[in-house]
Amino acid sequence: VNLGLLSTARINDAILAAAEGVEGLQITAVAARDVARAKAYAAEHGIGGWYGGYDDLLADSSIDAVYISVPNALHIPWSMAAIEAGKHVLCEKPLSRDAAAVAEAFELATSKGVVLLEGLMWRHNPQTARLLGLIAEGTIGETRLVRASFSFPLQGNADFRLDPALDGGALSDVGSYCASGVRLFAGEPESVSALAVERNGVDVRLVAVLRHAGGALSQIDCGMDLPDRASLEVVGADGILRAEDAWDCARVGIDLVRPDGEAVFIAVENDDSFRLELENFAGVIAGRAEPLINAADTIAQARLLGCIAASAERGGAAVSL
Ligand SMILES: NC(=O)c1ccc[n+]([C@@H]2O[C@H](COP(=O)([O-])OP(=O)(O)OC[C@H]3O[C@@H](n4cnc5c(N)ncnc54)[C@H](OP(=O)(O)O)[C@@H]3O)[C@@H](O)[C@H]2O)c1
């Protein structure tokens, strides 16, 4: 797989490092809006090809797939353009907050015979698989409550995360992980209420409460004006599972707390989430793997993000999914 980078975003560093460990996949070109930046970036990272425009990358017939790391509002437009050009697409989260747009992108991908994968890398980490395994084994009994938090203090005013026109805001940025987490561990939600604090027209802090179809409740909080927090708690009838670094997964490990208060630490052998994500992407392209995050999952994720945003806009009014 010849992979092209569509932008010179900071997150590319994780993909460049991870790609070195993926057999049969190599990063062969990069595109930036500015040719000088693309050329300098290619030289700095040892990438053979560069383009001063994303369309030119998509027109390169030697490129099989693209990694899209532009600001959020541009994810669907550039994914659609790449799919139209016959490229497989790994697009950073959130693919969109519009479920219909995501469904349309998958329909186009199917008609073009290409793969579309949303880059929610935490799903590929072994800690996530271990949590799912512990729950499936009945370690904590029936799941009744899930709490997901992700926040950080955003520095400066120049970040696209503060621009409403580029789909900035805490929900799209870090809240995407929390939404993905409560869906994974509590099942699909049926209603949500959310409150947000806004700055510059974007949510800098947001809390949501959800009712899930299977009977569980969940709670999401995310923020860009708070200290670093990244925890996930799954509360069952017979115990609690907690991960303190649930999303970036730099320090993995799970606390299991029994109803009597006894606590056990469950060690997890870590791995590179981005390499595992790229391996899944390359495996699906080669027809030897199923996507860990499929079309239905990605559409449901966008639907939830859209409903959380709609509830926050209405001051916390309950929104049904
Ligand atoms: N999975 C993860 O762990 C993770 C972590 C961080 C971010 N992300 C996601 O990755 C994406 C990029 O985030 P980032 O923080 O790495 O971004 P960033 O460093 O701010 O870079 C964004 C890139 O988008 C391009 N761009 C195109 N149109 C733009 C516009 N109108 N305004 C600003 N930039 C524009 C720019 O590339 P050129 O100038 O080179 O064209 C720029 O390098 C986001 O969607 C974010 O949600 C994921």
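Pro 94 sits in the loop between strand 5 (88-92) and helix 5 (99-112), where helices (H or I, at least four residues) and strands (E, at least two) are DSSP runs numbered from the N terminus. A cis peptide bond links Pro 94 to Lys 93, with omega at about -15 degrees. Another loop, the one between strand 7 and helix 7, holds Asp 167. Phi of Asp 167 is near 60 degrees, a positive value in a residue other than glycine.

The model is a predicted one, in which local features need pLDDT of at least 70 and side-chain atom pairs count only at pLDDT 80 or more, while totals for chains, interfaces and linings use all residues. Residues are numbered from 1 along each chain as its sequence is written, and side-chain values use heavy atoms, with hydrogens and water left out.

Now to the ligand. The space it takes up is the largest pocket (a molecule sits in a pocket if more than half of its atoms lie within 2 Å of the pocket's grid points). A pocket here is an open set of points on a 1 Å grid over the protein atoms alone, where a 1.4 Å probe fits, with protein on both sides within 12 Å along at least five of seven lines; lining residues have an atom within 4 Å of a point. The volume of the largest pocket is about 1000 Å³, counted as the space filled by probe spheres set on the points, which are joined across faces, edges and corners. Its lining runs to 36 residues, with Arg 10, Ile 11, Phe 160, Arg 161 and Asp 173 nearest the centre. Strand 7 (143-153), helix 7 (170-186) and strand 11 (225-229) each give two or more residues to that lining.

Around the ligand itself there are 24 residues (each with a heavy atom within 4 Å), and Thr 8, Arg 10, Arg 37, Tyr 54 and Asn 72 are the closest. Polar contacts (pairs of N or O atoms within 3.5 Å) turn up at several side chains. Ligand oxygen atoms lie 2.4 Å from an N or O atom of the Arg 37 side chain and 2.9 Å from one of His 75. For Glu 92, a side-chain N or O atom is 3.1 Å from a ligand nitrogen. Taken alone, the ligand exposes 910 Å², of which the protein buries 83% (accessible areas come from the Shrake-Rupley method with a 1.4 Å probe).

Note on methods. Polar contact = N/O pair within 3.5 Å; in protein donor to acceptor, adjacent residues only side chain to side chain.
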